Amino acid sequence: MVIDVNAPLDVTLNLPADDLDMTVRTMSYLRAERIHLIGELVQLTEQEIESFSGRKTVQEIKDTLALYGLTLGMKLDNWTSPLD
C-alpha cells in the first residue's frame, strides 16, 4: 500500500507500520516488538530501537519516516492507539 504523504497526521499515525516500505529485517523487528501502527513507531527513540536491533535498522526507519515528514521520538500527547 502506498501512504499518501499529504494525508492528515492523525490518519498517517493510525496506518499499519506494515504499510511502510522497509526491508524484511526491519519489518520483522517491528513485528517482534509488537509495533503495529506508525503512531507507535514514531514515539520510539533511536536508542530504544538500537537496543533491540542495530544501527542499520534505525537509519532505515529514520529515512523512511522522513519521507512522510515524521521522525523518531515524536511526542504525541493527543494521540491514542485505536488498538488499545
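This is a predicted model: local features need pLDDT of at least 70, side-chain atom pairs count only at pLDDT 80 or more; totals for chains, interfaces and linings use all residues.

Colleague: Which backbone nitrogen does the side chain of glutamate 40 reach?
Modeller: Glutamate 40 lies in helix H3, and its contacts, not counting residues up to four places away in sequence, are Arg34, Ile35, Trp79 and Ser81. The side chain of glutamate 40 also comes to 2.8 Å from a backbone nitrogen, which is that of leucine 37.

Colleague: Why are the buried residues of H5 on the same side of the helix?
Modeller: The residues buried in H5 are Thr57, Val58, Glu60, Ile61, Thr64 and Leu65. They lie on the same side of H5 because the arc they cover around the axis is only 165 degrees.

Colleague: Which helices do the buried residues of H5 pack against?
Modeller: The face of H5 turned away from its buried side carries Lys56 and Ala66, which are exposed. The buried residues of H5, for their part, pack against helix H2 (24-32), helix H3 (38-42) and helix H4 (46-52).

Colleague: How far apart are the end C-alpha atoms of residues 13-66?
Modeller: UniProt, in an unreviewed entry, places the feature "domain: RNA polymerase alpha subunit C-terminal" at residues 13-66. In the model this span is 63% helix and 0% strand, and its end C-alpha atoms are separated by 14 Å.

Note on methods
Residues are numbered from 1 along each chain as its sequence is written. Side-chain values use heavy atoms; hydrogens and water are left out. Buried means under 20% relative accessible area, exposed over 50%, partly exposed in between (1.4 Å probe, protein chains only). Helices (H or I, at least four residues) and strands (E, at least two) are DSSP runs, numbered from the N terminus. The arc is that of the directions from the helix axis to the C-beta atoms. Contact means heavy atoms within 4.5 Å. UniProt positions are given in the numbering used here, feature names are shortened, and annotations may be inferred rather than shown by experiment. A polar contact is a pair of N or O atoms within 3.5 Å; within protein, one must be able to donate a hydrogen and the other to accept it, and residues adjacent in sequence count only if both atoms are side-chain atoms.
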